[in-house]
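I opened this structure to look up a few backbone and packing details. My notes follow in the order I took them.

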Amino acid sequence: MAETETKKRTGLGALADAGDADDFSVIDAIGGPRGVVESMLPGVVFVVMFVITSDLHLTIGVSAALAVLQVIVRLCQRQSVMGAVSGLLAVGICLIWAWNSHEARNYYMFGFLTNAFYIVLLAISLMVRVPGLGLVIEFIRTLPTEHLRAWLADWRGDKALNRAYTIITALWIGVFSLRLVVQVPLYLSNQVGWLGTERLLMGIPFWALAIWVSYLIVATPMHRHKTLAEPNADAMDDNNETEEQH
């Protein structure tokens, strides 16, 4: 049972399995209860510590110690540390930014830049008619190593699936944009407490909601696409077997 759970994909990887079964779990898709807690805890500690103490150096020190402790705990438990390490790197960048600028609000600057980057990248993907979310999900699903044009044509040629990918790409652009619209004014007015609170509320909860809605949009067309692809795959296998016999 434990092995099955560890093999479950998270994030956009969970959407790559859409249409295969009806047991899609948002909690599993965002890393499970432990993943949610580990993702949110450094941010919670940072904003709570700073609001209570107003001591930036102490706040940074405690937040950094907590992020390192999370990785150490996973190492001691012999669990996968990739998520914890990537989280540590992200928190580290945020903390260093705040430390160097001597402003607590700059803890959130890296998040603004990543959201803006995703908005631009996804917007460009829509302009060139290769929806970014579809590109990522299909890459995870099929991992093309050759025949890139055929791979692109396969899912882009499915109008229903391509339309679904376009919709969820626009949806995620909206999520990233909404974060900036709400949080940047709080940053500019230096309201660190409210900024940290909004960052937490619009972080994991918004991510979970975006994944869930994306699943609802993508599941049916992806299931149809996979179902139609199965006979073609079987036919190709039969042809290969025939050629080998000759």
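I started at the loop between α4 and α5 (56–76), where S54 is found. The model is predicted, and I read every value with that in mind. I noted a positive phi of about 60° for S54, although S54 is not a glycine. Is S54 buried or exposed? I found a relative accessible area of 54% for S54; exposed means over 50%, so S54 counts as exposed.

I then turned to R129, which lies in the loop between α7 (109–127) and α8 (132–142). R129 is another residue other than glycine with a positive phi, near 60°.

Next I went back to helix α4, which covers residues 32–53 and has 22 residues. From its first C-alpha to its last I get 32 Å, close to the 32 Å expected. Where does α4 bend? I located a bend of about 35° at M40, with the proline P42 following within four residues. I listed the buried residues of α4, among them G32, G35, P42, G43, F46 and F50.

F46 got its own entry. Leaving aside neighbours within four places in sequence, I found F46 in contact with L56, T59, I60, S63, L95, A104, Y107 and Y108. The largest nonpolar core has 51 residues, and F46, Y107, Y108 and Y165 touch the most other members. Helix α10 (residues 159–188) gives this core its largest share, 11 residues.

Notes. Residues are numbered from 1 along each chain as its sequence is written. This is a predicted model: local features need pLDDT of at least 70, side-chain atom pairs count only at pLDDT 80 or more; totals for chains, interfaces and linings use all residues. Side-chain values use heavy atoms; hydrogens and water are left out. Helices (H or I, at least four residues) and strands (E, at least two) are DSSP runs, numbered from the N terminus. The expected span of a helix is 1.5 Å times one less than its number of residues. The bend at a residue is the angle between axes fitted to the seven residues ending there and the seven starting there. Buried means under 20% relative accessible area, exposed over 50%, partly exposed in between (1.4 Å probe, protein chains only). A nonpolar core is a set of buried Ala, Val, Leu, Ile, Met, Phe, Trp, Tyr and Cys residues joined through side-chain atoms within 4.5 Å. Contact means heavy atoms within 4.5 Å.
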